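Biologist: I would like to learn how to read disulfides in a model. Can we work through an example?

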Amino acid sequence: MKFTLSALATTATLALTAGMAQAQEVSCGGIGVTGQWIGGSAEASDISTSEGPLLQSNVPIAFDANVISLFSVSEAGDVRLEAQPVGSGDSVIEIYDEAGTLVITDDDGGGGWASRAETVLQPGNYCMLTRGFAGGQLSSDIQISRLEHDAITSGLTGGFFGGGGGSLFVGVDPCTNETAATPLGTGPLDGDLANGGVSAVNTINGAPYYRFTLNSPQTISVRAENPNADPYIYVFDGNGTLIGENDDAQIGGTWSLNSRLDFTQPLQAGTYCIGMRALSNPDVPVTVSVLAYSQADALAELYATGEAAPPMDGSFPIVDLGVLPGRSVRDAQISGTQATWFSMDVPEAGALVINAVEVTDSDPLIILYNDLGQEIAYNDDSNGTLNSEIVARVNAGRYLLAVRQYSDGYQGIIRIATERYVPAQ
């Protein structure tokens, strides 16, 4: 997933990152570097021992930005994670473990436009990312609690508008054992997962539910694809309990109207159900797939699209620019959303300006990382153009730059220019 900051937030982050990283000591794969302990300190942010819920009230989230709330779990147990927009706005939450692996994500599971996820977490440090849907601006209450604590969201009641407990949520009825559902596959999917997964194609009106079975614990990816339908997917366990949902997946750093749910923790053996609704046309064919989730494949996809920095051990292609001079310019053929990676050595602290300019058929997007894989800056369009520009204060060291097109519709040449500025002596 791509985590972006507004221009104002980016400027503030450049000034604060170094000190905060040392204070928090929670990485989450680099996501936690800008985070704050939700309880005010590490000791007060252990949800296993907290007397009550941990709450951040009326937190402003800027356009195309996010807020990172750090917390810890000292004893394995059920944890509830919520974001309740204040006034207008549509929140999305994502929870990452210390290694930066996505544990669970939710858009509207809190009812209305609120977010809510309940899951079992093992001991360790975690990062909860809260953002506006599609980068929207909002203010939100953010809460982490145990299940015995009072929730701040109404939760998913099921049913269509006004159904169940009168929630504003427009969803689908929970899929129980009595719900009619189309079988996915001809038996347990364990063998199919090892051979590329299983798919089916139907309209959402024709097949709003699919049921599948696992014989053993499996990590899986559930996908629904046809942007003309704009599918929204829900996954229920055998008791009809919602365990995940997704509307628009962020794929390759850009928003897609297709849906995707990655279960990075194994789903236990049993029967599961996929429910769907269409936010656009329910009468066009939608491809529903259940695939094996591979962390290695997921990381390779993130590297390929620029959403995470690859290791500099020779296992992933990186163009070495060497030590950056005061100014350099080079052209590169960049095909679609597949990123081309450049490494560069900055010999002394100062300011680094990077421009990516269209030469032919391009809408450049650039992302700058340090050698630890922490994102330093991101830019798509700058100065009212489709070109991109990053201005970052950097220390001496090695940096990685991902250069890609905004979408696969662009296949042209991008001119990449770098300029270094050092403090006056």
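Modeller: A disulfide is a pair of cysteine sulfur atoms within 2.5 Å. Here one joins C175 to C273, with 2.1 Å from S to S. This is a predicted model, where local features need pLDDT of at least 70, side-chain atom pairs count only at pLDDT 80 or more, and totals for chains, interfaces and linings use all residues. Residues are numbered from 1 along each chain as its sequence is written, and side-chain values use heavy atoms, leaving out hydrogens and water.

Biologist: Which hand does the link of C175 and C273 have?

Modeller: The link of C175 and C273 is right-handed, with 80° about the S-S bond. C175 lies in the loop between β9 (138-145) and β10 (182-183) and C273 in strand β19 (residues 270-278), so the pair ties together parts 98 residues apart in sequence. Helices (H or I, at least four residues) and strands (E, at least two) are DSSP runs, numbered from the N terminus.

Biologist: Is C175 buried or exposed?

Modeller: Buried means under 20% relative accessible area, exposed over 50%, partly exposed in between (1.4 Å probe, protein chains only). C175 is buried at 2%, and C273 is buried at 3%.

Biologist: How many disulfides does a search of the whole structure find?

Modeller: The search finds two. Another joins C28 to C127, S to S 2.2 Å, and is right-handed with 95° about the S-S bond. C28 sits in the loop between α1 (7-24) and β1 (36-37), while C127 is in strand β8 (residues 124-132), 99 residues apart. C28 is buried at 0% and C127 is buried at 1%.

Biologist: What is the pairing in sequence order?

Modeller: With the bonded cysteines of the protein chain numbered in that order, the pairing is 1-2, 3-4.
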